[in-house]
Amino acid sequence: MKRQPAMRCGAVSAMAAALAWSLSACHSTPPYQNPPHTYKPEPGQAAVANMQMALEYMRLNNLARARERIERALGEAPENPSVQETAGLVYERLGEMSKAQHAYAAASRLGKQDPGIQNSYAGFLCRTGKAAAGEKLFLEVARNPTYQTPEVAMVNAGVCVSGSGDVLDAERYFNRALAIRPNMPEALLELGTLAFDRGDGAQALDFVQRYLAVNPASPEVLWLGYRAERKLGDNTAAAGFARRIQMEFPESQQAQSMRAGVDR
């Protein structure tokens with residue numbers, strides 16, 4: 001299962017959720033009064049509304065409408081870093097990587113003081129083969145005193161370098177994340193996966209058990225537990241993980257793989 005650095009949509013939604021404006025209500029007026037003026041949002045307000053609609057259409061996988069909305073937002077507020085960031089998300093989903101690169105870079109330039117936006121750009125750099133640049137930016141994000149979750153940037157840096165084959169540095173980043181937030185599920189899962197990939201089923205299972213002791217189950221960690229038990233030769237324990245995947249996450253990719261006979 002390919003792992004990717006986290007993308008940032010939550011902060012975009014939070015900013016838009018904070019935005020509010022009211023439309024004038026239509027009231028009956030005596031004939032001698034002029035009719036009320038129709039309210040027209042300012043360009044910045046309209047841009048945020050269109051940005052939010054683009055995100056919603058992305059959620060619904062309606063990429064044509066997402067493009068239409070984000071391009072309206074770009075026309076209304078091209079200097080808004082969150083609008084540019086969302087444009088990067090949309091264009092990346094559309095596979096228009098040159099436009100995505102331009103939008104993410106613009107968001108990073110306009111939102112220099114926003115570590116969440118820098119986190120998004122770093123993720124894009126990693127996903128497009130620029131691991132060194134992405135790693136460097138993730139570390140800048142982690143060191144930013146205004147960023148409240150440096151452990152997330154550490155995990156993202158680990159996923160980034162792991163994807164380029166640097167397993168030792170990846171492990172170091174995941175352990176740094178755990179030093180900040182012990183029992184962080186993403187870091188435990190990544191460390192367990194690295195252990196499994198180097199053939200250490202016992203250590204992989206140890207990370208699975210640490211994860212499940214303090215975090216809700218996920219299909220990814222149950223899948224790792226299933227494969228680790230298979231590697232260790234305990235088919236009964238492996239079957240227990242398999243049942244949990246099918247019962248608790250029947251629509252997951254892991255459950256579908258198992259039903260298709262792909263269990264490695």
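Asn-61 counts as exposed, because its relative accessibility is 53%. In this predicted model, Asn-61 sits in the loop that runs between α2 (43-59) and α3. Its phi is near 65°, a positive value in a residue other than glycine.

**The chain as a whole**

- The chain has 14 helices and zero strands.
- Read from the N terminus, the elements run α-α-α-α-α-α-α-α-α-α-α-α-α-α.
- The chain holds 264 residues, and 46% of them count as buried.
- Among contacts in the chain with a separation of 6 or more, 53% are between residues 24 or more positions apart.

- The loop between α9 and α10 is where Asn-183 lies.
- Asn-183 counts as partly exposed because its relative accessibility is 31%.

**Helices α3 and α4**

- Two packed helices are described by the angle between their axes and the distance between the axes.
- For helix α3 (residues 63-76) and helix α4 (residues 81-94), the angle is about 150° and the axes are 10 Å apart.
- The two helices α3 and α4 are therefore roughly antiparallel to each other, and their crossing is left-handed.
- On the α3 side, the contact is made by Leu-63, Ala-66, Arg-67, Ile-70, Glu-71, Ala-73 and Leu-74.
- On the α4 side, the partners are Val-83, Gln-84, Thr-86, Ala-87, Val-90, Tyr-91, Arg-93 and Leu-94.
- Sorted by class, the contact of α3 with α4 has ten nonpolar, two polar and three charged residues.

**Helices α8 and α9**

- Helix α8 (residues 150-163) and helix α9 (residues 167-180) have axes that come within 8 Å and cross at roughly 165°.
- That angle makes α8 roughly antiparallel to α9, and the crossing of this pair is left-handed.
- From α8, the residues in the contact are Pro-150, Glu-151, Met-154, Val-155, Ala-157, Gly-158, Val-159, Val-161 and Ser-162.
- They meet Asp-169, Ala-170, Tyr-173, Phe-174, Arg-176, Ala-177 and Ile-180 in α9.
- By class, the contact of α8 with α9 is made up of eleven nonpolar, two polar and three charged residues.

**Helices α10 and α11**

- In helix α10 (residues 185-197) and helix α11 (residues 201-214), the axes come within 7 Å and cross at roughly 165°.
- This makes α10 roughly antiparallel to α11, with a left-handed crossing.
- Helix α10 contributes Pro-185, Leu-188, Leu-189, Leu-191, Gly-192, Ala-195 and Phe-196 to the contact, while α11 contributes Gln-203, Ala-204, Phe-207, Arg-210 and Tyr-211.
- The contact of α10 with α11 divides into nine nonpolar residues, two polar ones and one charged.

**The disulfide**

- A disulfide is a covalent bond between the sulfur atoms of two cysteines.
- The count for this chain comes to one disulfide, and it joins Cys-126 to Cys-160 with an S to S distance of 1.9 Å.
- The pair links distant parts of the chain, with Cys-126 in helix α6 (residues 115-127) and Cys-160 in helix α8, 34 residues apart.
- The torsion about the S-S bond of Cys-126 and Cys-160 is about -95°, so the disulfide is left-handed.
- Both Cys-126 and Cys-160 are buried.

**Two buried residues to look up**

- Glu-151 is part of helix α8, and it counts as buried because its relative accessibility is 7%.
- Setting aside neighbours within four places in sequence, Glu-151 is in contact with Ala-177, Ile-180, Arg-181 and Met-184.
- Ala-142 belongs to helix α7 (residues 131-143), and at 13% relative accessibility Ala-142 counts as buried.
- Not counting residues up to four places away in sequence, Ala-142 touches Pro-150, Ala-153 and Met-154.
- Between Ala-142 and Met-154 the C-alpha to C-alpha distance is 6.7 Å, and the two are twelve residues apart in sequence.

Notes
Residues numbered from 1 in each chain as written. Predicted model: local features only at pLDDT ≥ 70, side-chain atom pairs only at ≥ 80, totals over all residues. Heavy atoms only, no water. Axes fitted to C-alpha atoms, helices over the stretch in contact; angles between N-to-C directions. Helix = DSSP H or I, 4+ residues; strand = E, 2+ residues; numbered from the N terminus. Parallel < 35°, antiparallel > 145°, perpendicular 65-115°, else oblique. Left-handed = near helix turned anticlockwise from the far one by under 90°. Contact = heavy atoms within 4.5 Å. Nonpolar A, V, L, I, M, F, W, Y, C, P; charged D, E, K, R; others polar. Disulfide = S-S within 2.5 Å. Buried < 20%, exposed > 50% of the residue type's maximum accessible area, 1.4 Å probe, protein only.
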